Amino acid sequence: MTSDIAIVGAGVTKFGKRHDVTYRELLAEAASEAFLTMDEIHPEDVEGLYVSASMPELTVDQAHVGNLAAQELGVTPKIVSRIEMACSSGSTAIRNAWAAIKSGMIDTAVVVGLEKMTHNPRQANKGLCIVPDVEYESINGITAYSGFALAARKHMKEYGTTREQLSMVAVKNHSNAAKNEKAQFHSMGEISLEKAMNARMVADPLNLFDCSPITDGGAAVVLTRGDLAKKYTDQPIWIKGAGQSIEPSLGISNMPSITEWHALKRAAKDAYKMANVEPKDIDVAETHDCFTIAEIIEYEDLGFTKKGNGGKFIEDGESRLDGSLPVNTSGGLKAKGHPIGATGIAQIVEITTQLRGKAGKRQVDDARIGLTHNLAGFATHHVVHILSNER
Ligand code: COA
């Protein structure tokens, strides 16, 4: 069994309204962005091809996108898979590629993820609203917005988290997006706390600036066996730990708690153990801020701070670019954007870029160990990866 797996290529497309490209062009663009970060790669190297796509049947009337990807990339891999795990499709695809290389079945894999949503918001919204339990919950008004709004209310009641603290997450992530040209809201620049707090209501207490947007975008990574990494790059980034856990629940009603995510804790515990690190060792993290309350709960359940202290963690500036543990340096889902199938891969791209010291204005000084966290549904599925620039 192969022990070390390296990321040797990693790139994202510009996120936002991408009416300038078709779905297949966006897919090719994502792969090209990753290949451009490598010294070389040849079609015959691609033994695995993993495509993360949540809703192309709904938004672009196209199924069978694994074959579409092989056609656009001109490759004939031994393993091809299309992965649909809602918002965590991307990290699941990476995990599957990692497992296939680790098992020795293949040496090198391309993992590409994308979504094209903005030209067809009605279908995109349908795609989001059918992720929770349609028969019992969505039909009665429990969707992502209202589910996370319930979590926000309960977190406020249990731990004293404030409206201001939710908005502080948005202010931070927009500030980071202002330093990331690929981010959807890059040109919006920094936003004030007042602007974030006074935005129009979406699902009380969550307003527009507490929500991630509807986005078009793609991301790709290339993974390979450790002993092959130098062929592709002088700066391999190593996958040191990986964890995945799920609640036996489709919707919110079977969750043991909506403010403490046990499946996230299990996934994180496995990843930390495999990497032989602790939360205090993490230099930079990309976490799943689909709504601002999610990022606050994640600070706690990833062990960055104690339970109930997430609001104070953002208020004290700990997760800012100049804080003790910068979180969502890319702008996060909130301000970089959330093209569902691409998101988990884009998080890995951001941490890879940080660990390579190539994040420009948003570079975290001396970043050596990074973490990604990607979730789906009402926090019912979680994937955590820990990366390092040291083998
Ligand atoms: N944050 C800040 N500004 C936003 C925004 C967001 N999340 N979403 C949209 N906007 C801005 C747009 O830039 C737009 O400005 P423009 O006209 O200058 O481009 C303006 O608001 C109107 O955009 P529109 O798309 O018409 O807004 P909307 O009311 O239809 O949609 C939301 C807003 C929040 C409902 C939508 O973005 C959404 O559904 N987000 C959640 C997505 C989701 O659930 N993802 C899965 C999470 S698990």
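Figure 1. A backbone N or O atom of Cys211 lies 2.7 Å from a nitrogen atom of the ligand. Taken alone, the ligand exposes 910 Å², of which the protein buries 65%; accessible areas come from the Shrake-Rupley method with a 1.4 Å probe, and for residues only the protein chains shown count as cover. An oxygen atom of the ligand is 2.8 Å from a polar side-chain atom of Arg200. A polar backbone atom of Leu208 is found 3.4 Å from a nitrogen atom of the ligand. A polar contact is a pair of N or O atoms within 3.5 Å; within protein, one atom must be able to donate a hydrogen and the other to accept it, and residues adjacent in sequence count only if both atoms are side-chain atoms. The model is predicted: local features need pLDDT of at least 70, side-chain atom pairs count only at pLDDT 80 or more, and totals for chains, interfaces and linings use all residues. Residues are numbered from 1 along each chain as its sequence is written, and side-chain values use heavy atoms, with hydrogens and water left out.

**Figure 2. The shell around the ligand.** Of the 17 residues around the ligand, Tyr145, Arg200, Cys211, Ser212 and Lys334 come nearest; a residue is near a molecule or strand if one of its heavy atoms lies within 4 Å of it. The shell has 11 nonpolar, 3 polar and 3 charged residues. Here Ala, Val, Leu, Ile, Met, Phe, Trp, Tyr, Cys and Pro count as nonpolar, Asp, Glu, Lys and Arg as charged, and the others, Gly among them, as polar. The largest pocket holds the ligand, where a molecule sits in a cavity or pocket if more than half of its atoms lie within 2 Å of its grid points. A pocket is an open set of points, on a 1 Å grid over the protein atoms alone, where a 1.4 Å probe fits, with protein on both sides within 12 Å along at least five of seven lines.

**Figure 3. A cis peptide bond at Pro205.** The peptide bond from Asp204 to Pro205 is cis, with omega near 10 degrees. Pro205 belongs to the loop between strand S5 (201–203) and strand S6 (206–207). Helices (H or I, at least four residues) and strands (E, at least two) are DSSP runs, numbered from the N terminus.

Figure 4. Asp61, in the loop between helix H2 (56–59) and helix H3 (65–73), has a positive phi near 55 degrees. Its relative accessible area of 70% makes Asp61 exposed; buried means under 20%, exposed over 50%, and partly exposed in between (1.4 Å probe, protein chains only). Ala379 also has a positive phi, near 60 degrees, and is found in the loop between strand S10 (369–376) and strand S11 (381–388). Ala379 is buried, at a relative accessible area of 0%.

Figure 5. In helix H14 (residues 340–355), Thr353 has a polar side-chain atom 2.6 Å from the backbone oxygen of Val349. Thr353 counts as buried, at 19% relative accessibility. Asn180 lies in the loop between helix H7 (163–177) and helix H8 (193–197), and is buried, with a relative accessible area of 5%. A polar atom of the Asn180 side chain is 2.9 Å from the backbone oxygen of Ser330.

Definitions and conventions:
1 Å grid on protein atoms, 1.4 Å probe; cavity = no way out; pocket = protein on both sides within 12 Å on 5 of 7 lines; lining within 4 Å.
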